[in-house]
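Here is a friendly walk through one protein model, from helix packing to aromatic rings and a few loop residues. Have the sequence and the structure open as you read.

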Amino acid sequence: MGLELYLDLLSQPCRSIYIFARTNNIPFEFKHVELFKDSVLGKKPAAASGAERPRTGPCLSCAEDPTSGCSTPGPSNSEGDGKISLLKKVPVLKDGDFTLAECTAILLYLSRKYNTPDHWYPSDIKKRAQVDEYLSWHHANIRANAPKTMWIKVLIPLFTGQPQPSEKLQEVMEGLSTSLKQFEERFLQDKAFIIGSEISLADLVAIVELMQPVGVGCDIFEDRPRLMEWRRRVEEAVGKELFFQAHEMILNIKELSNIQIDPQLKEHLAPVLMKMLK
């Protein structure tokens with residue numbers, strides 16, 4: 001049995017793994033896990049243009065942060081799917097009888113197993129430490145703010161039926177602005193990429209997160225020329241076609257606002273989403 005990746009491209013960590021695997025020509029079977037289940041929302045996300053149509057993996061419905069990848073398992077149709085479901089997460093990697101969760105762990109596993117080019121996770125101890133430093137900083141800073149733009153502008157109104165006050169979005173954008181300033185001054189500086197002249201896992205993890213606000217109309221790259229140039233270089237490094245294929249669903253996320261939500265799902269998720277903003 002070959003490599004299987006259980007992903008939903010609405011999830012930032014899933015997109016980083018998808019782009020990394022495709023860019024490095026890693027052979028895998030794409031197991032499509034729908035965080036927004038078509039049987040609940042009445043709409044099944046279309047396969048990205050130019051990609052193979054995803055195969056359906058375990059049926060999952062969103063139970064925690066719908067964009068973080070945490071989810072609750074639905075029924076499993078096989079022993080293998082049962083093992084995946086027990087992790088209650090996407091992304092998930094399954095390589096034969098070996099199963100692995102968590103985005104960073106999966107990226108590192110793929111880079112080591114498939115001996116991807118050194119620039120992704122350098123053998124040079126200092127450059128590798130720089131990648132590690134960014135990945136550690138990322139979770140409490142960029143990731144702590146960027147996804148909330150989607151919760152406020154799309155998901156919370158979708159599940160509660162009530163728009164969020166503009167003050168809440170402004171508060172999140174101010175926090176994100178502080179993180180972006182630190183990102184530019186501390187990590188990017190005057191370099192082409194975070195650790196130098198070539199792209200690394202740090203850049204990939206950062207860019208997929210920063211596309212989350214863009215998808216809901218918060219253009220964080222506007223009036224930030226250094227950040228915009230960095231984004232352009234990342235797109236070119238992985239290939240523009242692949243980049244926009246991976247982000248097609250997130251860039252059309254506003255379409256969810258027209259979908260009728262199952263009342264039980266609303267009742268379950270509304271308080272969870274509201275809690276995330278506290």
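## Helices H5 and H9

In this predicted model, the axes of helix H5 (residues 125-140) and helix H9 (residues 201-215) cross at roughly 25 degrees and come within 8 Å. Angles under 35 degrees count as roughly parallel, and therefore H5 and H9 are roughly parallel to each other. The crossing of H5 and H9 is left-handed.

Which residues make the contact? From H5 come Val131, Tyr134, Leu135 and His138, and from H9 come Leu201, Ala202, Val205, Ala206 and Glu209. Sorted by class, this contact of H5 with H9 has 7 nonpolar, 1 polar and 1 charged residues.

## Helices H1 and H9

Helix H9 also meets helix H1 (residues 12-23): the axes of H1 and H9 come within 9 Å and cross at roughly 135 degrees. That angle makes H1 oblique to H9. The handedness of the H1 and H9 crossing is right-handed.

On the H1 side you will find Gln12, Arg15, Ser16, Ile19 and Phe20, which meet Leu201, Leu204, Val208, Glu209, Met211 and Gln212 of H9. By class, the contact of H1 with H9 has 6 nonpolar, 3 polar and 2 charged residues. If you colour the H9 residues, note that Leu201 and Glu209 take part in the contact with H5 and are also listed for the contact with H1.

## Aromatic rings

How many aromatic pairs does the model have? The count comes to 10 aromatic pairs. One of them joins Tyr134 and Phe183, whose ring centres are 5.8 Å apart with 70 degrees between the planes, an edge-to-face arrangement. This pair links distant parts of the chain, with Tyr134 in helix H5 and Phe183 in helix H8 (residues 166-188), 49 residues apart.

Ring pairs go on to link Tyr134, Trp137, Phe183, Phe187 and Trp230 into a cluster.

## The loop between H8 and H9

Gln189 lies in the loop between H8 and H9 and has a positive phi of about 50 degrees, although Gln189 is not a glycine. Most residues other than glycine have a negative phi. With 34% relative accessibility, Gln189 counts as partly exposed.

Ala192 lies in the loop between H8 and H9 as well, and with a relative accessible area of 25% Ala192 is partly exposed. Where does Ala192 sit in space relative to Trp230? The C-alpha atoms of Ala192 and Trp230 are 6.4 Å apart, while the two residues are 38 residues apart in sequence. Leaving aside neighbours within four places in sequence, Ala192 is in contact with Ser197, Trp230 and Arg233.

## Around helix H4

Glu102 is found in the loop between strand S7 (98-101) and helix H4 (103-113). Glu102 is not a glycine, yet has a positive phi of about 80 degrees. At 45% relative accessibility, Glu102 counts as partly exposed.

Within helix H4 itself lies Ser111, which counts as buried because its relative accessibility is 9%. Apart from neighbours within four places in sequence, Ser111 is in contact with Phe20, Thr116 and Tyr121. Phe20 has already come up as one of the H1 residues that meet H9.

## The whole protein

Stepping back, the protein has 13 helices and 7 strands. Of its 278 residues, buried ones make up 54%.

How much of the contact list is made by residues 24 or more positions apart? Such residues account for 70% of the contacts in the protein with a separation of 6 or more.

Key: Residues numbered from 1 in each chain as written. Predicted model: local features only at pLDDT ≥ 70, side-chain atom pairs only at ≥ 80, totals over all residues. Heavy atoms only, no water. Axes fitted to C-alpha atoms, helices over the stretch in contact; angles between N-to-C directions. Helix = DSSP H or I, 4+ residues; strand = E, 2+ residues; numbered from the N terminus. Parallel < 35°, antiparallel > 145°, perpendicular 65-115°, else oblique. Left-handed = near helix turned anticlockwise from the far one by under 90°. Contact = heavy atoms within 4.5 Å. Nonpolar A, V, L, I, M, F, W, Y, C, P; charged D, E, K, R; others polar. Phe/Tyr/Trp six-rings, centres within 6.5 Å; stacked < 30°, edge-to-face > 60°. Buried < 20%, exposed > 50% of the residue type's maximum accessible area, 1.4 Å probe, protein only.
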